[in-house]
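I opened my notebook today to look at aromatic residues, cores and a sheet in a predicted model. Here is what I looked up, entry by entry.

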Amino acid sequence: MFKTLFLVIAVAAGGLALYPEWRAAHQAPPQLTIRYKAGSPATAAVAQPWLEVVNTSKKRVLLSDVTIRYYFTGDGASSYAFNCVQAAVGCSNIAGETVAPADPGTTADRYLQISFTTGAGSLAPGAKSGAIGLQLYRPDGRKLNQLNDRSFNAADTTFQASRMVTGYLRGAHVWGDEPTGRTGSTGPTGSTGSTGSTGSTGSTGSTGSTGSTGHAAASAPGSSVPRPRPAHPRGIVFDDFHYSGPDDPALHAHGWLVRTSPGGPGIHDTWSAAGVSFPAEKSAVGGQVMRLRATTDGTKASTKQAEVQSSGTDFLTGTYAARIYFNDKPTSGRNGDHVNESFYTISPNNSRYSELDNEYMPNGGWGAPGPKLDTTSWYSADTGDRVTHKLVSSLQGWHTMVITAVHGVATYSVDGHKLFSSGGKYFPRQNMSINFNTWFVDLPFTGPRAWDMQVNWFYYNADKAQTLADVQKSVNGLYGSGTHYVNTVSKH
């Protein structure tokens, strides 16, 4: 009996000694595979990583349980911005943030973390998410050097499985090689966000958040298993204007057009993309704005006006809101222009004309002194049939403009203070577009000058009238989930 016991112990000991070799030879297939291809050269104004999730497990996987990390170096920049340009699951179902980890590496002192809402659906065994086209750029406009970015590989011009991009399933590390060499399964580790805005300074701005460019994740990565992000409600549009420039493909993909067409208002035939930009701005929630700049030297030939308008989405009833920075003085040059800084909705034709206007004129216009805000509801542009209200007051700085249009009544407010209501025939009768612009009523003197209006975010709810508090709660929730853009409204 003693000999038998000794043999059992010896065999067990030998088995334990051989286990590491056996495990290495019998690795279970990964539960996920992340595929990658490069969409831009090593030196570019915008990095364009393309990613794809493949379910290599034998069970169905919810995409809302999946997190991806793409690693890069900061190159001395204080902030980076992210955008989704194209996704088979819909960009509205993708959230992202850039993070500075607590243990940076020489080729990975930042990472772009991507997650999905429940609206992205699930993947059957062997299924792919489809291509996810992303953008990563510096709001200061400087080019990126991707040669020292861990996850970048210029040779990957078609989708390839990349271990330099890591994947996590319900918080567990299941794919790729983390920069520190960790192979544990504790999930995305906690980290501090890259430097950026810590909130707005406007009287009605939302409270700030940590995280990249002011955005925070829905749950602290790694501090617990990440919670699934709920699908966005139907009938909303949100955009915080994280774009690299007027020619950014994401800007058009998200339903915005930069106007260069002829016509009015203001100085006719002077609309230019040159005045549209998306710079970093510390006073803005999220750290970036859409800037609309109108410039002139007092002659039509030198005048450039700026406008961005929506396309492809049906806007009619509900709540319209935007956080806007109005200026009482030019950014450069002599003051005194009759300049118009506007946020309005307008229908495409005259058959059932509809228009709801917010027009701020710091120096007045059309014979009326300023500063003033005209809120106007139109029935006919041809006959000038409209009702209007004038707020004679300076609006220098950040303000949240809200228009509600429900149950036959349109109501305008600034920072939660009601200004004016209209109804009857002046209520919108057909779908409208969203418009932001800066333009000159006339050119009263010569000399170079520039006027800027900034837009922090735009929000729309098609279903109901919302108070400022309701709007701010919704916007805060979108910022908090890392959402830069969402559109769940029907499109034409």
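I checked F241 and W256 for burial, and both are buried. Their ring centres lie 5.5 Å apart with the planes at 50°, so I logged the pair as tilted. F241 sits in the loop between β17 (236-239) and α2 (249-253), while W256 belongs to strand β18, 15 residues apart.

Ring pairs join F241 and W256 with F315, Y320, F343, F436, F458 and Y460 in a cluster. I then turned to the largest nonpolar core, which has 40 residues; F241, W256, Y320, I324, F343, F436 and F458 touch the most other members. A separate core of 36 residues includes C84, L112, I132 and V165.

What does I324 contact, leaving aside its neighbours within four places in sequence? I found F343, G397, W398, H399, M401, F436, M453, Q454 and V455.

Then I traced the sheet. It is open, with 7 strands in the order β18-β21-β31-β24-β25-β26-β27 and antiparallel pairing. The edge strands, each pairing on one side only, are β18 (256-258) and β27 (385-391). I noted a twist averaging 15° from one strand to the next. Within this sheet, β24 (residues 339-346) and β31 (residues 433-440) pair over 8 bridges, antiparallel. N340 has W439 in β31 as its bridge partner.

I ended with charges over rings. The charged end of R163 sits over the ring of W175, 4.7 Å from its centre. R334 lies over the face of F445, at 4.0 Å from the ring centre.

Terms used:
Residues are numbered from 1 along each chain as its sequence is written. This is a predicted model: local features need pLDDT of at least 70, side-chain atom pairs count only at pLDDT 80 or more; totals for chains, interfaces and linings use all residues. Side-chain values use heavy atoms; hydrogens and water are left out. A nonpolar core is a set of buried Ala, Val, Leu, Ile, Met, Phe, Trp, Tyr and Cys residues joined through side-chain atoms within 4.5 Å. Buried means under 20% relative accessible area, exposed over 50%, partly exposed in between (1.4 Å probe, protein chains only). Contact means heavy atoms within 4.5 Å. Two strands pair if DSSP finds at least two bridges between them. Helices (H or I, at least four residues) and strands (E, at least two) are DSSP runs, numbered from the N terminus. Axes are lines fitted to C-alpha atoms, for helices over the stretch in contact, and angles run from 0 to 180 degrees between N-to-C directions. Rings of Phe, Tyr and Trp (its six-membered ring) pair if their centres lie within 6.5 Å; planes under 30 degrees apart count as stacked, over 60 as edge-to-face and the rest as tilted. A charge sits over a ring if NZ of Lys or CZ of Arg is within 6 Å of the ring centre and within 35 degrees of the ring normal.
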